[in-house]
Amino acid sequence: MSEQGSPPRVVIVDDHALFRAGVRSELEGLVEIAGEAGGVEEAVRQVLSARPDVVLLDVHMPGGGGVEVIEQVTRTDPEVRFLALSVSDAAEDVIAVIRAGARGYVTKAISGPELADAIRRVREGDAVFSPRLAGFVLDAFAGALPPDVDPELDQLTTREREVLRHIARGYLYKEIAARLGISVKTVEAHVSAVLRKLQLSTRHELSRWAVERRLVE
């Protein structure tokens, strides 16, 4: 990782090579590009090897997306900071990636100099959001969690909570898999883990549990 006075070292993670090339061009001379990756497994290897100051991370990618990258990297190196860069400003995308551990979320409409400034601020420990997302994120988080710590909820991983919310909203396994960019078997594995941890038996019980804790509307 670089010293505070030097340009931030950045790894770019996005499954579109053309977009990565565009980001490189926009950030040229403003940051140091330490590497890039086009998928989850490649991203985890690249980040743990390069140890950048900030990972510029797309939200939707094959194999689990940005949330999966954050969870895998932080298990080994919790010091790495993540800034989500996405075309999406959907509530569930923003909340999921911030809850997973990203320090900020900006949309792909951002300019090169603005993005470089956001990267520097994230390296310094700030939370950075595109202007129209900042108030929304604060409002969303104010009502997204129960007021008290729930030890049952706390034992679930971020991805297990995501799957639980989709189950509670009535999505089928194949729909959840498509929305989260994972396989149906992986969804089934997460549901089994949640049922085991919460000592529940059916999807109906899971849905009721989630509603009682205000995890879904």
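Contact here means heavy atoms within 4.5 Å. Keep that in mind for the close-ups below, all taken from a predicted model.

**View 1. The whole protein, before we zoom in.** Let's start with the overall picture: the protein has eleven helices and six strands. Of its 217 residues, 48% are buried. Among contacts with a separation of 6 or more, 65% join residues 24 or more positions apart. The accessible surface is about 10600 Å², and carbon and sulfur atoms hold 51% of that area.

**View 2. Arginine 20 in helix α1.** Arginine 20 sits in α1, the helix formed by residues 17–27. Is this arginine buried or exposed? Its relative accessibility is 12%, so arginine 20 counts as buried, the cut-off being under 20%. Leaving aside residues up to four places away in sequence, its contacts are Ile12, Asp14, Asp15, Glu36, Ala37 and Gly38.

**View 3. The buried side of helix α1.** Which residues of α1 are buried? They are Arg20, Val23 and Leu27. These residues span an arc of only 60 degrees around the axis, and therefore lie on the same side of α1. An α-helix has 3.6 residues a turn, so residues three or four places apart point the same way. As for partners, the buried residues of α1 pack against the strands β1, β2, β3 and β4 (81–86), and also against helix α5 (112–123). Just past the end of α1, look for glycine 29, which has a positive phi of about 85 degrees.

**View 4. Alanine 37 in strand β2.** Alanine 37 belongs to β2, which covers residues 32–37. With a relative accessible area of 1%, alanine 37 is buried. Not counting residues up to four places away in sequence, alanine 37 touches Ile12, Val13, Asp14, Arg20, Glu42 and Ala43.

View 5. Rolling a probe the size of a water molecule over the atoms shows where empty space is left. How many cavities of 30 Å³ or more are there? The count is one, and the largest cavity holds about 30 Å³ of space. Its lining consists of Ile12, Val13, Asp14, Phe19, Leu56, Leu57, Asp58 and Leu85. Two elements, β1 (9–13) and β3 (54–57), each give two or more residues to this lining. By residue type, the lining has six nonpolar residues, no polar ones and two charged ones.

**View 6. Two loop residues with positive phi.** Most residues other than glycine have a negative phi, and most peptide bonds are trans. Here are two residues to check against that background. Arginine 51, in the loop between α2 (40–50) and β3, has a phi near 45 degrees. At 37% relative accessibility, arginine 51 is partly exposed. Glutamine 199 lies in the loop between α10 and α11 (203–212), and its positive phi is about 55 degrees. Its relative accessibility is 73%, so glutamine 199 counts as exposed.

**View 7. Serine 192 in helix α10.** Our last stop is serine 192, found in α10, which runs over residues 184–198. Serine 192 is partly exposed, at a relative accessible area of 42%. Between the C-alpha atoms of serine 192 and glutamate 160 there are 9.7 Å, and along the chain these residues are 32 apart.

Terms used: Residues are numbered from 1 along each chain as its sequence is written. This is a predicted model: local features need pLDDT of at least 70, side-chain atom pairs count only at pLDDT 80 or more; totals for chains, interfaces and linings use all residues. Side-chain values use heavy atoms; hydrogens and water are left out. On a 1 Å grid over the protein atoms alone, a cavity is a set of points where a 1.4 Å probe fits but cannot get out, and a pocket is an open set with protein on both sides within 12 Å along at least five of seven lines; lining residues have an atom within 4 Å of a point. Grid points are joined across faces, edges and corners, and a volume is the space filled by probe spheres set on the points. Helices (H or I, at least four residues) and strands (E, at least two) are DSSP runs, numbered from the N terminus. Ala, Val, Leu, Ile, Met, Phe, Trp, Tyr, Cys and Pro count as nonpolar, Asp, Glu, Lys and Arg as charged, and the others, Gly among them, as polar. Buried means under 20% relative accessible area, exposed over 50%, partly exposed in between (1.4 Å probe, protein chains only). Accessible areas come from the Shrake-Rupley method with a 1.4 Å probe; for residues, only the protein chains shown count as cover. The arc is that of the directions from the helix axis to the C-beta atoms.
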